[in-house]
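Please keep the sequence and the structure in view while reading.

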Amino acid sequence: MIDTPHEPHLALHVEDLTVSYQSKPVLWDIDFDIPPGVLAGIIGPNGAGKSTLIKTILGLVKPVAGHVTIFGDTYRKQRRHVGYVPQRTSVDWDFPTTVLDVVTMGLYGHLGWFRRPGRRERDEALDALAMVNMQDFARRQISQLSGGQQQRVFIARALVQKADVYFLDEPMAGVDATTERAIIDLLHRLRDEGKTVIVVHHDLQTVRRYFDWLMILNVRVISQGPVEQVYTGPNLRQAYGGQIALLDGQAVMQDQPTTKRDATANHGER
Amino acid sequence: MSLLALLSDYTIQNVVIGAALLGLVSGTLGCFAVLRKQSLLGDTLSHAALPGICLGFLVAGTRDIASMLTGALITGTLAALVMLVLTRHSRLKTDAGLGISLSLSFALGVVLLTYIQGTNNAAQGGLDSFLFGQAAATLRSDLWIMGGITLAALALVMLFWKEFKLVSFDPAFAATRGLPVATLETGLTVMVSLAVVVGLQMVGVVLMAAMVIAPAVAARQWTHRLGTMVLLSALIGIASGVFGALISAMGRGLATGPLIILSASVLVVISLLFAPGRGFVWSLLSQWRARRHLRSQQVLTTLYRLAMEHKDTTYRTQQGMVDTYYGIGTRLSLARLQKNGLVRLRGQDALQQPGWELTTDGITEAQRILDGLGHGDRR
C-alpha cells in the first residue's frame, strides 16, 4: 500500500500490474499512465484483457502483482471521484425498478449506511438523466428500455456522482447510431470540462475520431500515448495479428501520423 | 366446524399463526433469492437442513427443537459454502454446484435419519416428520422462535434496504461504490437459511424451497417495483400459509405443509396467467388485439387504394370484393372501422351485398397509415 501520494499529477497510474485467472495470465506486467483531461481509448482484440484491466483498477479483480493510483491515491480513497459504467449486459434488465431508481443507485456510496435517498438525490438523478436526454423516461420500468436507452441510463448513473475520472466498458456495444453519437458528444463535453474519460472500445474505425489518447492492449501493453502516435499500422498489426486486414482497410493503410489538430477536425466532420 | 370455532382451537391457532409467520419471512426473503437467480439456493439449504436436524438430535439425545434448528442452520450454511467452493474452484456452474451440494447433503441426512431410527431410541419418534413437515406439532414456544427470527429478518431487510437492492441488481457496481458485497450477499444467504429453518417443522425439507420461490415469483408478475414486490410477496406468503392451514384443519387428515405449498402454487398459476402486462393470457389478448387492429388498418387502406384507383373518394366498395381480396370474411373489421367512424355503409346491391365508402376521417387515417409505412407505392 502507498501512504504518500504517488504520481499525483496523473489521472491514472498503473504500475507492474499482472492479473491471472487460475494460472493463465490475463494481463502481464502492465505499466500505463493517463494524464488528466483526456478522452482515452483502450483497444485490443477479444481476450486482450480490456475489461479485466478496468475491473482491476476499480478493485473488482485482485491483481497478482502491481498497483494502481488515481490522482496519486488508491482507488479506495478516490472512490467518490471515480465513475464506472459497466457493460450493459452485466445486469438483468428485468429487475423490478425504474430508470430514476437505477440512476439514484449512483449516489448510494455518497449516502452511506441507513440513509435513504431523498428529494435532493432525486433532483440530482433527474439532472443526470437530462444530460443523457432521458429525463422523459425517469418513471419508466427498466425492462421497457431499448439497448441504447439502457446504456444511457447506465451512463447517467455514473454522471450523477459528479466524478473526475470516468471508466466506461464498451459503451458503444450494441447501441444504435444516434445513441453512439449522443454518447460520444457527451464524453467530449466531459473531457472539455476537464474530466478524464477512459473508454474500452472495440470499433477501430472510429478510434481516431473519438479519442485523443490511446492504449493498445493485448495481455501486454502494445503501445500508449497520444492517439496519432499510437494508432499506427505496425502497432495494430502487433496487437491484432492477422485479423487486422479484415477489420480495417483504409485507416491502417493510410499509416501517416496525423497531428492532433487533424484528429479534432475529424470530430467535426460527422 | 365453523371458521370461528376453528380459530378458537388452541392447536389450530398455533398452526395458523406459524404458517402466517413462515409465509411472511419466506415471502420477503424469497424476493431477493429469486432476483439474484438463486431460487435453487433455498432448495439446497432446506435439503441440507436434514443432516443438521439429525445431528442436533444425536447431540441433544432428544427432540430438542433449539439444538436441531441450530444443526440445520450449520449444515445449511456448510452446504452453501460447498456450493461456493465448487463453483469458484472448478468448472462447475452454479446450478450444477447447487445440485451436487443438495443431493449430497440430503443423502447424508437420510442415512443419519435411518441410523437414528435403527437405534430404537424412544425419543426419535416422528423425526421423519421433518421430511414433509408436521404443522400440528407446532407449539406456542416454537412460535416465539419463529416470530423472533421473522422480526430480525424483516428489521435487517428494512435497515439495509438500499444496499440489498443494489447488491441484487448490480453487485459489481455495488462493489465499486464501496459496499461490502460479499458480506451483504452472505447476509442474504444466511437469512434465507433462517427462513428455511423457520419453515422446516411446518412444511418439511422437501417442499420448503417452494415456500421461498413461489410467493416471490407470483408477486413479480404484478409489479415493477421492488418495494411493492416484497410487500406483495409477503402478503401472498401469509395468505397461502393461513389458507393452507385452514383447509387442512377443516379436512380430515390432510397434511398442512403440502396444502400451504399448493395454495401458494395456485396463486403462482393465477399470477402467471392473468397478471396485467406479464401474464400469459394478457399477452395473448394484446397479441390478438394488435392483430385485429392491423387487420382493420389493412382493410381501411385497401378501401382507400380502391378509391384512389377510381379517382373517386366516395367510391363504393362491395363487401364481397374485400372478402375475396383477403380470402376471409372482413365483416368484423369493417364493423369496427364503422364504429370508429372511418367507413360508412352505403346501400346494398342486387345480390344483397353491403357496400362501403370511406368517411373523411377514414381518408385521413388511411393516408396517415400509408405515410407511416413510408414507401412511395400507394396502390
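## An enclosed strand in chain B

In this predicted model, strand S3 of chain B, which covers residues 354–358, is largely enclosed by the rest of the structure, because five of its five residues are buried. Pro354(B), Trp356(B) and Leu358(B) point one way from S3(B), while Gly355(B) and Glu357(B) point the other way, and all are buried.

The pairing partner described here is strand S1 of chain B (residues 317–318), which runs in the antiparallel sense to S3(B) and is joined to S3(B) over two bridges. Within this pairing, Thr317(B) stands opposite Trp356(B).

## Domains of chain B

Chain B is divided into domain 1, spanning 3–275, and domain 2, spanning 282–373. The C-alpha centres of these two domains of chain B lie 58 Å apart.

## Nonpolar cores

The largest nonpolar core comprises 161 residues, and those with the most contacts inside it are Leu12(A), Ile30(A), Phe32(A), Leu53(A), Ile57(A), Phe167(A) and Leu187(A). The element that gives the most to this core is helix H2 of chain B (residues 10–35), with 13 residues. A second, separate core has 19 residues, including Val299(B), Tyr326(B), Trp356(B) and Ala366(B). In soluble globular proteins, nonpolar side chains tend to be buried together.

Leaving aside residues up to four places away in sequence, Ile57(A) touches Leu12(A), Val14(A), Phe32(A), Val68(A), Ile70(A), Tyr75(A) and Phe167(A).

## Helix H1 of chain A

Helix H1 of chain A, residues 50–57, is mostly covered, with seven of its eight residues buried. Among the buried residues of H1(A) are Leu53(A), Ile54(A) and Ile57(A), as well as Lys50(A) and Ser51(A). Just after H1(A), Gly59(A) takes a positive phi of about 80 degrees.

## The interface between chains B and A

Contacts between the two chains involve 28 residues of chain B and 34 residues of chain A. Together the chains bury about 2800 Å² between them, with 62% of this area on carbon and sulfur atoms. On the chain B side, Lys162(B), Phe169(B) and Arg177(B) lose the most area to chain A, and together they account for 30% of what that side buries.

Charged pairs are also found here, with five salt bridges across the interface of chain B and chain A. Asp101(A) forms a salt bridge with Lys165(B), in which the closest N and O atoms are 2.7 Å apart.

Note on methods. Residues numbered from 1 in each chain as written. Chains lettered and ligands numbered in written order. Predicted model: local features only at pLDDT ≥ 70, side-chain atom pairs only at ≥ 80, totals over all residues. Heavy atoms only, no water. Core = buried A, V, L, I, M, F, W, Y, C linked by side-chain atoms within 4.5 Å. Buried < 20%, exposed > 50% of the residue type's maximum accessible area, 1.4 Å probe, protein only. Helix = DSSP H or I, 4+ residues; strand = E, 2+ residues; numbered from the N terminus. Contact = heavy atoms within 4.5 Å. Domains from an automatic or database assignment. Pairing = 2+ DSSP bridges. Buried area = accessible area lost by both parts, 1.4 Å probe. Salt bridge = Lys/Arg side-chain N within 4 Å of Asp/Glu carboxyl O.
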